[in-house]
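Please open the model in your viewer and keep the selection panel at hand.

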Amino acid sequence: MPRFVVQEHHATSLHWDFRLEHEGVAASWAVPKGVSETRGVRRLAVQVEDHTVAYMSHTSGRVSIWDKGYYDLEKWEDDKIVFDLHGERLQGRYALIRTDGKNWLIHRTR
């Protein structure tokens, strides 16, 4: 089963790093307000460079694991990714939809 992680990152500004294990890398997005557990709440997710899968377990004084688990992939296209999260906090169907360039929206669909 492919894994996901949400890392709380206290950098210049607080944000959450959302990572999906996919094709040998951790596809990654910075989510300024965090991934919502509430259905229909859309949050900006800015795509950043892929990381190594090993980075998904990375913690430090500035980075902690907010949630982790595995996901079931329904669709992975250039502009839309649909998946079911099975985490300690996040549960349910989510979608990432590209809006412009590196900007995406992430939301729980059901």
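Contact here means heavy atoms within 4.5 Å. This is a predicted model, in which local features need pLDDT of at least 70 and side-chain atom pairs count only at pLDDT 80 or more, while totals for chains, interfaces and linings use all residues. Residues are numbered from 1 along each chain as its sequence is written, and side-chain values use heavy atoms, leaving out hydrogens and water.

Select Leu96 to begin: leaving aside residues up to four places away in sequence, Leu96 touches Phe18, Leu20, Trp29, Ala45, Asp79, Lys80, Ile81, Phe83, Trp104, Leu105 and Ile106.

Now turn to the rings, where the structure holds six aromatic pairs (centres of Phe, Tyr and six-membered Trp rings within 6.5 Å; planes under 30 degrees apart are stacked, over 60 edge-to-face, the rest tilted). Select Phe4 and Phe18, a tilted pair at 6.3 Å centre to centre with 40° between the planes. Phe4 lies in strand 1 (residues 3–10) and Phe18 in strand 2 (residues 14–22), so the pair ties together parts 14 residues apart in sequence; strands are DSSP runs of E, at least two residues, numbered from the N terminus. Phe4 is buried at 1% relative accessible area, and Phe18 is buried at 0%.

Finally, select Phe83 and Tyr94, which are stacked at 6.4 Å centre to centre with 10° between the planes.

Key
Helix = DSSP H or I, 4+ residues; strand = E, 2+ residues; numbered from the N terminus. Buried < 20%, exposed > 50% of the residue type's maximum accessible area, 1.4 Å probe, protein only.
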